[in-house]
Structures are given as C-alpha cells and as structure tokens.
Amino acid sequence: MAAQQPPIVLYDTLSASKRPLELLEPGRCRIYTCGPTVYDMSHIGHARAAIVPDVLVRTLRELGVEVTYARNVTDIDDKIIRRAAEEGSTPGAVAERYTAEYHRDLADLGCLEPDVEPRVTAHVPEIISMIEALVERGLAYASDGDVYYRVAAFAPYGALSKRSLEDMQAGARVEVNERKENPLDFVLWKGAKPGEPAWASPWGEGRPGWHIECSAMSRRYLGDTFDVHVGGRDLIFPHHENEIAQSQGACGVGTFARHWVHNGFVDFAGEKMSKSLGNFFTIREVTALYPAEALRFFLLGVHYRSGINFDVEVPCPGCGAPLSTDEQHGEACPHCGARLEVDELRRRVRFPGLEEADDRVKAIYETLERAQVFLNGPGGGQGAVAPEPPEVPVSPAVADMLSRFRAAMSDDLNTAAAIACLSEPLREVNRLLVAKKKEVDPVQRRATIARFLRDMAAVSRFLGIFGADPGTYLRARRDRKAARLGLDTAAIEALLARREQARAEKRWKEADALRDELASRGVVVNDAAGHSSWTL
RNA sequence: GGCCUGGUCGCCAAGUGGUAAGGCAGAGCUCUGCAAAAGCUCCACGCGCCGGUUCAAAUCCGGCCCAGGCCUCCA
C-alpha cells in the first residue's frame, strides 16, 4: 500500500484534537516513547504504556509505513540509587536487573522490540551538549553545581498541559530551593553527591536531571523533529512539557514531536494504583495467574485514551466471601473470623475482567483451531493454510472483516471497535464449521474459512494477539492452569478414559458420575463424535 | 483554588450531527443419551439532569449534579 496519504487519524494532545498523522517524510514514521525508570518490577500501567505504542507501530507497519521506533530506558535516577543503597548493590546492577525483567515482561506481552533502546548512561555527552546549548541561549543557568531550566524564558511553556505559568505559580507548592530563580524551574543537571554515580561536566561532577535524557536521546536517534511522541497521561506535566522546553529551546521553536499521544491510566478496584494491597500488581504477578495474551486483550478492549479499571476480587481464605478494600487490611475476616495475611490474600486474588478476557481469547483460538483442522485435517500446521480458491464467493461477514477492522484501527487506534469487528465473522465461521453438508455450499464454506484464517493472521499482526499456533496456545493455557490449580493432569486423563469406556458401553449413569467428579475439580468435559476432550 | 477528562443496557464498552457496535451475564430454542461447546432468537424508543440550536443531537451550545485525573515521584 502506498502510504502517500496520512495513514491514520490520531488524537494529538497538543492541539487537543483528532487529526491526520501527517508524516514528515511520506511513508516513514519516527516514534519515540518514554520507557521505564528501571528500579523495580514493572506494573500493569507500564504494560499499557508499552502496548499502546506497540500497537501504533504495528498498525503503521501493517499499513505500509516504515517505522523507526525508539524507546528509552532511564537507568540513572534517584530511585535507582536509593534502591541500590537498600540492597547494598550498585545503581548499575539494579538498572541492569530490572531492565532484563522489563524485557522479559514485554516479550511475554507480545511487544515488538524497539529499533533503538537508548540508555541514559550511554548518552551523557549528548545530554551535556544540549544543556550547553540551552545555557548559551539564556534558557538555562548554572547554580551551585546544578543547572536549571529558566522556564520563564520559554514563551510556549505550558502549551501541552494547557496551563499558563501564572496558573502554575498560583497552585504551586512552595518549594524550598534557593538555587532556583523560579520555583517552577526544573533541574537539567544535578551536582554530584558523595557516593553517587557522577560524570564530568562543565559545571563539575554530576548527573542528568530527569527530563533531559528524552530530549537528548530522541534527537540523537530520530532527529531534531520527529513524528510521534508517546507516553502515559501523567507524563504530560511536567515531563513532556519540559521535554518540549528543552528540545525546542535547543533546536528552535517548531522542532520536536509533531504529534503527542498519551494513554490513560490503569486503575485497580476503581482507584489509581498505589503500592498498597489490592490495587497494585506487577505484570509478573498477573501473568503468573493468566495468559499474557489475555492481559493484552483486556488492555486493548478499551480505547487507549480512556482509563481502564482492573476489577480485583479478594476472597477470604477461610470462607471465600469477597473482602472489601478496608476489610482486606483488617486483622480478621468479618464474616468468619479467619486471620488475614497479606501474602495469602495476594495469592488468592482474582481479576474478573481478566478471566472474561482469558475466556474470550480461548474461544477465539478454539475457532481458529477448528478452522485449521477443517482445512488441513488434524495436525495441519499453522503455515499450512490452504490458499484461497480464486473468485469464489466468501460470506459477506468474513469478506468485510479485515477492511472494517483496518478502518477502526486507523481511526485513532480504536482497538475496542476493531475487536468488535471480529464477532460477526467469528459467529459465521463457527456456524459454517458445524453446518450440515446440505445446509451450505461446500465451495463457499471452504473459501470463507480460508479467507477468515488468512485475515485473522493480519489481525494478529495489528494487535499482537492470536498469532500463536492455536493448538499450542490452548494446550499450554490448559496445562498451566491445571498446574496452578494443583490438578493432576494424568489423573484427569485417566478419569476421562474411564468415562469414554463407559460411554462406549452406554453406561450413562457411570459416565455422568465421572463427569460430575471432573466438574467438581473445575474440569469441563466436551464430548465430540468419537472422543472426549477436557478444558478448564 | 487552577486546569483537564468522563457520566451510554445488570456489568464492561464503541459510537462526536442522521436516527444506539461488540463482549459478559440473563431468557427461550437447535444440536446432544444427558451435558458442554457452537449456533439461532430475545435482551437500551433511549445515552447523568434541565434548557437551547437544528429538518435531525448520545453526539453542538448553556446551566446544574456526580465521578475521576493533573497541578509533587509516577505509565
């Protein structure tokens, strides 16, 4: 597809409107997103902040745009230093460890690797030279070993966050820092403190402030001006506002990101996440309980700019009664009196929304698997999808699926609407798969199912979901869930075999009793023509 | 206090001027030894409330009520 036209419409925070993504260079898009500060395990909010730009990148690529995607790692920062001190480790070791954990989480979540992933500590020279440029232009000043940005000297300050300097001064907390000319000035370079990592600079030993790294590194890899900057909503102020001040201050007004994309928050149980029980979970904690694809599907079920709520259900270990947030913090269950311990509660936590997502992803994979088997027979591999017979009519619902899906994705990455486009085709394919021979035109049936599989492969490239081999996914999901529930797979298979024998001999009572026994463990039995299968 | 979002079916959630997507739950049915899965049918004359603009409004304007966020580290 020639991408001469703006490929998609995207909401832009700076202009506060949806507008076509007009690329600096037709057919090519440069994207920068703020990656994590690596001082701890990443939480679900980080997952969303990574998945949103990932879907943007995937969508543009699928629409024929050549994308350069940069996502930084902030590997030097107060929190990293503090963490290292707590652990008796070094900031470098802390950063390295959590960078690796972050990569593992994102790989689980199906995020593509960025084309470049710059680290702050490897770009100190670029940072210093940018600060020097700001000082030369009167936009920054050295003060007692620190360097600060002179906010009042940058006229557009506040344009992104829609706040005037006066507004902010009125609402600002009084900050005691006599090194600053203005309380709103922010630090570009921090003078070294004893025992902290430090680099030589024109202002003495020190290290970069928080915001400057994104300005310096985006410039290095994407140029003075690039197409899209992505980040969480909470970064609009001060982080992104300051990036604009730095970059445009150094490179000129009109430079830097042409389009600002900000994703909404993830809330837990209706509250913004905080590190107290019940509303703070890491990616790893969640993916230990549910498939990572279910988490991704859940996060994409809501438009990226909206907040998304993670329902959390914490049952009492004693009586199973759901506990309110307050009750979770209590000593004992108000219903049965059982002692409550944090670790125990965290292990038993349930996420109803994720369970629904898990079931939905499972159901879609089941349809994909049945479709594959229909076309290729049992054991037919993923790559063995039969070519679509030419010029054969395909059921309308399936024929339109991909174009409708693509249209939704092109309209400000409306993943929720895009996913909804799959429902009708899914129903149609399921209908065709079980239809009696005389009910459908066999040629059309085959063509429709083949087309569906082909187009679902495209869908999976947009979303980063449904790309696994269905049989492999379903087996892994089931076995993992069985292990988590402490079920003995071999014992289940044995019961199932006994039941099949009973059924073959029409001993229905025995067969039903065995099914009840399996059901009591949560195992769902599915009888097909010749054989039975089980799932969870 | 300043600034900014959002209030759509029991729950989740699309829809930003043209007559309410989708998912879950629920009801009935088909298939089935019985189930399960799948499928079929049904499930918001109304989109926080009150006015207004318009041939036409969930969508635009004004007022009000409610919830949340940012202004400090934060995805």
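Contact, on this tour, means heavy atoms within 4.5 Å. This is a predicted model, where local features need pLDDT of at least 70, side-chain atom pairs count only at pLDDT 80 or more, and totals for chains, interfaces and linings use all residues. Residues are numbered from 1 along each chain as its sequence is written, chains are lettered from A and ligands numbered from 1 in the order in which they are written, and side-chain values use heavy atoms, with hydrogens and water left out.

**Stop 1: the whole chain**

**Stop 2: the cores**

Next, select Ile31, Phe351, Leu463 and Phe466. Of the 93 residues in the largest nonpolar core, these four touch the most other members. A nonpolar core here is a set of buried Ala, Val, Leu, Ile, Met, Phe, Trp, Tyr and Cys residues joined through side-chain atoms within 4.5 Å. Helix H16 (residues 442-463) gives this core its largest share, ten residues. Another core, of 44 residues, lies apart from it; Val120, Trp189, Met217 and Ile236 are among its members.

Now zoom in on Leu463. Which residues does Leu463 contact, leaving aside its neighbours within four places in sequence? They are Val55, Arg58, Arg296, Leu300, Phe405, Met409, Thr415 and Ile419.

**Stop 3: two positive phi angles**

Move along to Phe466, in the loop between H16 and helix H17 (470-484). Phe466 is not a glycine, yet its phi is positive, near 70°. Its relative accessible area is 5%, so Phe466 is buried.

Leu413 is another non-glycine residue with a positive phi, of about 50°. Look for Leu413 in the loop between helix H13 (396-410) and helix H14 (415-420). Leu413 is buried too, at a relative accessible area of 3%.

**Stop 4**

Select Phe298 in helix H9 (residues 292-300). With a relative accessibility of 14%, Phe298 counts as buried. Beyond its neighbours within four places in sequence, Phe298 contacts Ile308, Asn309, Phe310, Gly353, Leu354 and Ala357.

Asp358 sits in helix H12 (residues 352-376). Is Asp358 buried or exposed? Asp358 is buried, with a relative accessible area of 5%.

**Stop 4: a cis bond**

Jump to Phe237 and Pro238: the peptide bond from Phe237 to Pro238 is cis, with omega near 0°. Pro238 belongs to helix H7 (residues 236-251).

**Stop 5: the cysteines**

Finish with the cysteines. How many disulfides does a search of the whole structure find? The search finds zero, a disulfide being a pair of cysteine sulfur atoms within 2.5 Å. For Cys29, the nearest cysteine sulfur is that of Cys34, 16 Å away. Cys29 counts as buried, at 0% relative accessibility. Cys333 is also in no disulfide, and the nearest cysteine sulfur, that of Cys316, is 3.4 Å away. Cys333 is buried, with a relative accessible area of 4%.

Terms used:
Buried means under 20% relative accessible area, exposed over 50%, partly exposed in between (1.4 Å probe, protein chains only). Helices (H or I, at least four residues) and strands (E, at least two) are DSSP runs, numbered from the N terminus.
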